[in-house]
Amino acid sequence: MARVYNFSAGPSMLPEEVLKKAASEMLDYKGSGQSVMEMSHRSKWFDDIIKEAEALMRELYSIPDNYKVLFLQGGASAQFSAIPLNFMNGSGKADYIITGQWAKKAFQEAQKYGDAKAVASSADKTFSYIPKTKPEDFRDDADYVYICMNNTIYGTVYKELPPVGDKVLIADISSCALSEPLDISKFGMVYFGAQKNVAPAGLVVAIIREDLLGNARDITPVMMNYKIQADAESLYNTPPCYTIYICKLVLEWLKENGGLEAMKEKNIKKAKLLYDFLDSSEMFSGTVVPEDRSLMNVPFITGDDELNAKFVKEATEAGLVNLKGHRTVGGMRASIYNAMPYEGVEKLVEFMRNFEKANS
Ligand SMILES: *Cc1c(COP(=O)(O)O)cnc(C)c1O
């Protein structure tokens, strides 16, 4: 069996142990005589799975009791609409920081529903940094402030949260979820599409402070109403059962491997290996300012489109796949999520070193 090192930004690698466990339970889940794909979402087996997934999520992230954990569908993108529909209902104002395409899409969606304001942006330098903000940049009566924590396409991350005071902070953490500890109590809501770092596509996890629920607009589609989803314990309709099951296996894997502190250490070590090489290379360079570099998504370039293409092609042949940069930025991008082993990054750096020698 030849498994590749998959550097895709998402859907992305899952831990091999998790895939093996899922395979071993495929035909007969715990004596049920059926797979998790086939069983009722109201069955005892599935009830145990979703409850266990929530309990593990609460444990790993130390989620305070006054937060709900929801398992939703529609991708992270559906939340771009659900967030204003549920929360932009006091002053009808919300402040957005534009750090890339995902933040911009969320902002554009919010503009349909009320007074959404872009209070800062790093568009002037192709989103290669996180814009600094001051408390006075945010409107006093904004219903919430919205950020995208880790910018999957551009490779930047917030190392420090913006100074929003006691305003409600909402963060899209799709591409850094469970990659390191996070103080959930600083947020009104965090959410993530699972296909980046946690599970297959089809699942969004939303962690929401309870007191914010219950103010959704009347026109809110029922599936996007967080209060209804919370009251139904994420079983308002048929949830993505199998994806939630894999999510549970990944959470177990995280716990068995030392939890989020250990994961953070491992992720720092992986990213350092790659960034150190980029900083020392004559051919390759990173595109992000050093202080805002993501641990998860590492974009880099050679400065020559033909050379970039040659690199991606030869890397693919060597079993290092999906290194092509996002279609809107070009160059290369290595996504090195939780499931990417250290050896995968070692192989990549070794390949880059040899490529540089052979082509200069
Ligand atoms: C991928 C991604 C999205 C979009 O996710 P979908 O589930 O495809 O809608 C949104 N935000 C971030 C940060 C992402 O990385």
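How many aromatic pairs does a search of the whole structure find? The search finds 15. Rings of Phe, Tyr and Trp (its six-membered ring) pair if their centres lie within 6.5 Å; planes under 30 degrees apart are stacked, over 60 edge-to-face, and the rest tilted. Two of these pairs are tabulated here.

| Pair | Centre to centre | Angle between planes | Class |
|---|---|---|---|
| Y29 and Y245 | 5.6 Å | 85° | edge-to-face |
| Y96 and Y144 | 5.9 Å | 70° | edge-to-face |

The model is predicted: local features need pLDDT of at least 70, side-chain atom pairs count only at pLDDT 80 or more, and totals for chains, interfaces and linings use all residues. Residues are numbered from 1 along each chain as its sequence is written, and side-chain values use heavy atoms, with hydrogens and water left out.

**Aromatic contacts**

Y29 sits in the loop between α1 (16-24) and α2 (44-61), while Y245 belongs to helix α6. The two are 216 residues apart, so their pair links distant parts of the chain. Helices (H or I, at least four residues) and strands (E, at least two) are DSSP runs, numbered from the N terminus. Y29 is buried at 4% relative accessible area, and Y245 is buried at 1%. Buried means under 20% relative accessible area, exposed over 50%, and partly exposed in between (1.4 Å probe, protein chains only).

Y96 lies in strand β3 (residues 93-98) and Y144 in strand β5 (residues 144-148), so this pair ties together parts 48 residues apart in sequence. Both Y96 and Y144 are buried.

Ring pairs also join F277, F284, F300, F311, F351 and F355 into a cluster.

K125 is 5.8 Å from the ring centre of Y129. K269 is 4.2 Å from that of Y342. The criterion is NZ of Lys or CZ of Arg within 6 Å of the ring centre and within 35 degrees of the ring normal.

**Helix α6**

Of the 16 residues, 14 are buried, so α6 is largely enclosed by the rest of the structure. G258 follows α6, with a positive phi near 100°.

**Cysteines**

The whole structure holds zero disulfides (cysteine sulfur pairs within 2.5 Å). The sulfur of C241 has its closest cysteine sulfur in C247, 13 Å away, too far for a bond. C241 is buried at 12% relative accessibility, and C247 is buried at 0%.
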